[in-house]
Amino acid sequence: MAEEEDYMSDSFINVQEDIRPGLPMLRQIREARRKEEKQQEANLKNRQKSLKEEEQERRDIGLKNALGSENKGFALLQKMGYKSGQALGKSGDGIVEPIPLNVKAGKSGLGHEALLKRKAEEKLESYRRKIHMKNQAEAKAAEQFRMRLKNKQDEVKLEGDLRRSQRACQQLDTQKNIQVPREVWYWLRLEEETEEEEEEEKEQDEDEYTSEDLSVLEKLQILTNYLREEHLYCIWCGTAYEDKEDLSSNCPGPTSADHD
């Protein structure tokens with residue numbers, strides 16, 4: 001008679017089914033997921049539609065169906081000669097499709113959307129005006145800058161022409177043995193003045209204008225006219241002419257613009 005097997009022995013324990021770690025947990029997760037999906041499908045089938053959804057469905061169905069003769073309003077139109085698909089109006093220039101139905105779903109009062117639209121348009125118009133004013137200001141500032149730059153360039157050019165005229169006047173006067181210029185500023189100012197010249201300047205008549213009273217342009221006009229009359233010379237031509245007829249015939253004019 002065989003010996004009875006010891007249930008506590010290693011041989012009995014090792015013959016049991018080998019259960020790998022994690023397998024029961026995976027089965028439970030799959031089962032729970034299947035139950036959840038079934039429950040969602042059941043809820044979707046049994047879900048009751050809200051009142052708004054039912055109203056929307058009924059409204060869509062009603063709008064898709066054309067009016068029939070059972071409709072009193074449509075029946076009256078037919079009695080007056082209206083046919084389905086025909087435009088309204090005596091001359092047939094009215095609308096063909098019914099006026100669309102716009103359902104107001106929000107809680108705001110009537111006219112609120114129009115108010116919001118008007119405010120948005122006003123805000124946009126205000127923004128456009130600001131942009132336009134900004135562009136105008138920038139254009140004006142740029143134009144003023146160009147004018148200042150041009151005036152500065154013109155002033156520098158006038159000062160250069162005046163110095164050339166003073167240098168030419170001094171040379172031409174010296175060639176004619178003129179020791180003192182007609183006006184002090186006709187020649188380039190010397191770095192050092194004698195005390196006698198300073199005294200002579202102080203004793204000048206008060207009614208006689210001084211060089212400080214004249215602008216650069218006025219000095220240039222006076223000096224170039226002196227050079228033309230006295231020496232028959234034009235600083236822009238760079239030529240001393242033989243006589244007045246030669247000057248008037250061959251020189252374009254008494255200003256810088258005439259020589260451009």
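Reply: Let's start with the chain as a whole: take the contacts between residues at least 6 apart in sequence, and 40% of them join residues at least 24 apart (a contact means heavy atoms within 4.5 Å). Keep in mind that this is a predicted model, where local features need pLDDT of at least 70, side-chain atom pairs count only at pLDDT 80 or more, and totals for chains, interfaces and linings use all residues. Numbering runs from 1 along each chain as its sequence is written, and side-chain values use heavy atoms, with hydrogens and water left out.

The chain has eight helices and two strands, in the order α-α-α-α-α-α-α-β-β-α. Those are DSSP runs numbered from the N terminus: helices are H or I with at least four residues, strands are E with at least two. Of the 260 residues, 15% are buried; that means under 20% relative accessible area, while exposed is over 50% and partly exposed is in between (1.4 Å probe, protein chains only).

Now the salt bridges. The rule asks for a side-chain nitrogen of Lys or Arg within 4 Å of a carboxyl oxygen of Asp or Glu, and the count comes to seven.

R146 pairs with E143, with the closest N and O atoms 2.7 Å apart. The two are three residues apart in helix 5, so about one helical turn separates them. R146 is partly exposed at 47% relative accessible area, and E143 is partly exposed too, at 37%.

R164 and D161 also form a salt bridge, at 3.1 Å from N to O.

E230 is partly exposed at 31%, and R182 is exposed at 55%. There's also a network: salt bridges with shared partners join K157, D161 and R164.

One more residue of helix 5 (residues 112-175) is worth a look, S165. S165 counts as buried because its relative accessibility is 0%. Leaving out residues up to four places away in sequence, S165 touches L220, L223, T224, L227 and I235.
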